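Please open the model in your viewer and keep the selection panel at hand. The stops below each name what to select and then say what is there.

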Amino acid sequence: MMKKNRIVTRVKDKTGIAKSKNRSEDLNDLRSKYTQFAKNQKFLITTLTNNHASMAAYSKSRLEVAKAINSLTVDTPLFKCAGDIPANAVGTTDGGGGNSTSTDIVPHQSHPSSYAAIHLQLHKKNKMYLEKYTEHILNYATEWERILSTRITGHLKQSEKLRVDLDHYARKVEDMNKTMNKTMSKGKSINDAGVDKLKRNEQKLSQARQEYDRFVNDLCGFMEEVMERGWKDLHPLLVKMAQFDATLSNEEAVLLKGSMAGVTENLKGMGTKYPNLKAQGRLKELETWSLESLNKVNPSSRSDSPLMITHGGGENASYVTQSSGGGGPTLGIHA
């Protein structure tokens, strides 16, 4: 019967039939503020998660570019300063390591000396730092939100339970007093059992009010603490985030500004060894020059090439052809 009475109290309260007089205005205000605070926490977790994913994707995309460069430089003069990464790194999606806990599947290079090798090394470092990002930054933010959400949600439910109990006894005592006043107004007396019952419920009402007020006071204090001084809980996270950014940028600077500077100089220095190599490239020539002109500037290195330009271009090009008898080349004029 007692449980049924409390259900009736909850229904009346929610439907507005009987509005509670015991709701704490302070708690209602803090509940609204916490709703926004919790949204901000969840937004932080979402942005940290997205940032982690974007950093991982960016690191992997740079590695894919390095692998593509490596593929194009095999068996060319560019290989040593542009490609030159281990075959087991080329054949993986993440530069080696897979699901293994070992990071030595692709050997660590203290001083990588090619474009692709530098980016492979950078990717491996990024993988390690992204694991630390998850452990020290993302996990902390998630745990912070979980602890507050679990505690405050549970305590708010408990405060509602205590309020319902308080409303129950308040209405019960109010109804009993109305009944007794109506009886006495008719000139009738109240029996001892009725008086005793009223006293017992008044005691329960007093106890329920004390329990509710004490609990709500403590809960309001806790909610004020986690929101107004929540910066104290954000502080350790910010320290880790600042350390992460500084360390990662320094690692990238060492590789990209340090080792990559050497690669740049080596690439520029190739011009002295290969006179036809131009810094601006030769796309225009590839698009517009005739085949004869291109072959003149860049004679074939194939030993079985049937023709080799000696001088001239276009209709005036002269070629050396292999004699059918194998006795040496003969000179021919293009007609």
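Select Asp 167 to begin. This aspartate of the predicted model sits in helix α5. Is Asp 167 buried or exposed? Its relative accessible area is 3%, and the cut-off for buried is under 20%, so Asp 167 counts as buried. The separation is 8.9 Å, for residues that are 41 apart along the chain.

Zoom out to the whole chain. It has 335 residues, of which 30% count as buried. Colour by secondary structure: there are 9 helices and 3 strands.

**Helices α2 and α7**

Select residues 25-73, which form α2, and residues 231-273, which form α7. Two packed helices are described by the distance between their axes and by the angle between them. Here the axes come within 14 Å and cross at roughly 10°. Angles under 35 degrees count as roughly parallel, and α2 and α7 are therefore roughly parallel to each other.

Which residues make the contact? On the α2 side, show Leu 44, Leu 48, Met 55 and Arg 62. On the α7 side, show Leu 234, Leu 237, Met 241, Phe 244, Glu 252 and Leu 256. Colouring this set by residue class gives 8 nonpolar and 2 charged residues, with no polar ones.

Stay on α2 and select Ser 59, which also belongs to this helix. Ser 59 has 4% relative accessibility and so counts as buried. Leaving aside residues up to four places away in sequence, Ser 59 touches His 123 and Asn 126.

**Two loop aspartates**

Most residues other than glycine have a negative phi. Select Asp 75 first: its phi is near 60°, a positive value in a residue that is not glycine. Asp 75 is placed in the loop between α2 and α3, the latter spanning 79-82. With a relative accessible area of 78%, Asp 75 is exposed.

Next select Asp 84, which also has a positive phi, of about 60°, although it is not a glycine. Asp 84 lies in the loop between α3 and α4, the latter spanning 87-90. Its relative accessibility is 28%. Partly exposed is the class between the buried limit of 20% and the exposed limit of 50%, so Asp 84 counts as partly exposed.

**The cavity**

The structure holds 1 cavity of 30 Å³ or more, and the space in the largest cavity is about 50 Å³. To see the lining, select Arg 23, Ser 24, Leu 27, Asn 28, Arg 31, Ser 159, Glu 160, Arg 163 and Tyr 212. The elements that contribute two or more residues to this lining are α2 and α5, with α5 running over 115-185. By class, the lining of the largest cavity divides into 4 charged, 3 polar and 2 nonpolar residues.

**The pockets**

Switch to a pocket display and go to the largest pocket, which holds about 430 Å³ of space. How many residues line the largest pocket? There are 13, and those nearest its centre are Asn 276, Leu 277, Lys 278, Arg 282 and Asn 298. The lining of the largest pocket comprises 7 nonpolar, 3 polar and 3 charged residues.

The last stop is the second largest pocket, with about 290 Å³ of space. It is lined by 13 residues, and Thr 73, Thr 76, Pro 77, Leu 78 and Met 270 lie nearest its centre. Two or more lining residues come from each of α2, α3 and α7. Helix α2 gives the largest share of this lining, 3 residues. Coloured by class, the lining of the second largest pocket shows 11 nonpolar and 2 polar residues, and no charged ones.

Conventions. Residues are numbered from 1 along each chain as its sequence is written. This is a predicted model: local features need pLDDT of at least 70, side-chain atom pairs count only at pLDDT 80 or more; totals for chains, interfaces and linings use all residues. Side-chain values use heavy atoms; hydrogens and water are left out. Axes are lines fitted to C-alpha atoms, for helices over the stretch in contact, and angles run from 0 to 180 degrees between N-to-C directions. Helices (H or I, at least four residues) and strands (E, at least two) are DSSP runs, numbered from the N terminus. Angles under 35 degrees count as roughly parallel, over 145 as roughly antiparallel, 65 to 115 as roughly perpendicular and the rest as oblique. Contact means heavy atoms within 4.5 Å. Ala, Val, Leu, Ile, Met, Phe, Trp, Tyr, Cys and Pro count as nonpolar, Asp, Glu, Lys and Arg as charged, and the others, Gly among them, as polar. Buried means under 20% relative accessible area, exposed over 50%, partly exposed in between (1.4 Å probe, protein chains only). On a 1 Å grid over the protein atoms alone, a cavity is a set of points where a 1.4 Å probe fits but cannot get out, and a pocket is an open set with protein on both sides within 12 Å along at least five of seven lines; lining residues have an atom within 4 Å of a point. Grid points are joined across faces, edges and corners, and a volume is the space filled by probe spheres set on the points.
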